[in-house]
Amino acid sequence: MAKSKVLVVGGTGYIGKRIVKASLAQGYPTFVLQRREIGLDIDKLQMLLGFKKEGAVLVEASFSDLQSLVNAVKQVDVVICTMSGVHFRSHNLLLQLKLVEAIKEAGNVKRFLPSEFGIDPALMGNALEPGRVTFDEKMVVRKAIEEANIPFTYVSANCFAAYFAGNLSQMGTLLPPKDKVSIYGDGNKKVVFMDEDDVATYTMKTIDDPRTLNKTVYLRPPENILTQRQLVQIWENMIGKQLQKITIPAQDFLASIKGLGYAEQVGVGHFYHIFYEGCLTNFEIGENGEEASQLYPEVKYTRMDQYLKIYL
């Protein structure tokens, strides 16, 4: 069976550039949206030209021109959107509604993967303000997809390692602490840490797989399901040193939200759900979901002891 043609929207972004590379590596005919508004952003343009050198096709379109989006998606079978939903970067999730409109009008797309790649928003109906906006907006996009009868796969990738593992899950830094480490609650809630390149590899595996059609795919490789204390212990074993552990009770953590900027408040809320409630692992995957490492046991995913070596 011929591999599907894939359009990546947001291909120069944090996860998007990895999706493009994984698509090319797995032999998919790969198209990358080049927005007309790129202007003088030399870094993005050079990344796009680099993809072109590797065999990707650049497709020019604009979110302010619906017909250009329709023309773009008509060239492919699968559309993957990786627009940022992170408030301290750019936050464009609802812009995807234009893409949904274009896919509906084009009528040829066999699968749409919207920008998800985090906590499953369908399980976050009771999330705290203001962080719940991320989940609410993702659900708005899902509703539009399903009402338009567009075939989909939602990818729940849990915690990106560069944001959550390399820093031992400390807020406000991307590097591991040298002497003291904050532990959230008892530090024993199960969290799923994912190397971002593995997120891209698993995502590309799903797009032609009938088992993942109209389902949520959860990335839960068993050896990467760790508590925060286990993650800290891995690092301590690597550096041969015990860190001083400062336990933060839930009420103190939530109280820290006062006086923070909007983006930081969103982050505190998400951390609370992950590390105090265990929202990534406190449920069983039902009939509308699949687990990626079970579907694709051939993927040699990166364990966190391997991942953390770069920080030594």
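Author: Here we go through the fold, its cores and a few residues.

Author: Residues are numbered from 1 along each chain as its sequence is written. This is a predicted model, where local features need pLDDT of at least 70, side-chain atom pairs count only at pLDDT 80 or more, and totals for chains, interfaces and linings use all residues, while side-chain values use heavy atoms, with hydrogens and water left out.

Reader: Fine. How many helices and strands are in the protein?

Author: Twelve helices and 13 strands, taken as DSSP runs numbered from the N terminus (helices H or I, at least four residues; strands E, at least two). The radius of gyration is 20 Å, close to the 20 Å from the globule rule for 312 residues, so the protein is as compact as a globular protein of that length. That radius is taken over C-alpha atoms, and the rule is 2.2 Å times the number of residues to the power 0.38.

Reader: And what share of the residues counts as buried?

Author: 53% of the 312 residues; buried is under 20% relative accessible area, exposed over 50%, partly exposed in between (1.4 Å probe, protein chains only).

Reader: Which residues have the most contacts inside the largest nonpolar core?

Author: Ile80, Phe117, Phe193, Leu219 and Ile274, in a core of 70 residues. Helix α10 (residues 262-275) gives the most to this core, with five residues. A second, separate core has 28 residues, including Phe31 and Leu33. By nonpolar core I mean a set of buried Ala, Val, Leu, Ile, Met, Phe, Trp, Tyr and Cys residues joined through side-chain atoms within 4.5 Å.

Reader: What is Phe117 in contact with?

Author: Beyond its neighbours within four places in sequence, its partners include Ile15, Ile19, Ile80, Val155 and Phe160. Contact here is heavy atoms within 4.5 Å.

Reader: Last one, is Arg132 buried or exposed?

Author: Arg132 is buried, with a relative accessible area of 17%. Arg132 lies in helix α5 (residues 132-147) and touches Met124, Gly125, Asn126 and Ala127, leaving out residues up to four places away in sequence.

Reader: How far apart are Arg132 and Met1?

Author: 41 Å in space, C-alpha to C-alpha, and 131 residues in sequence.
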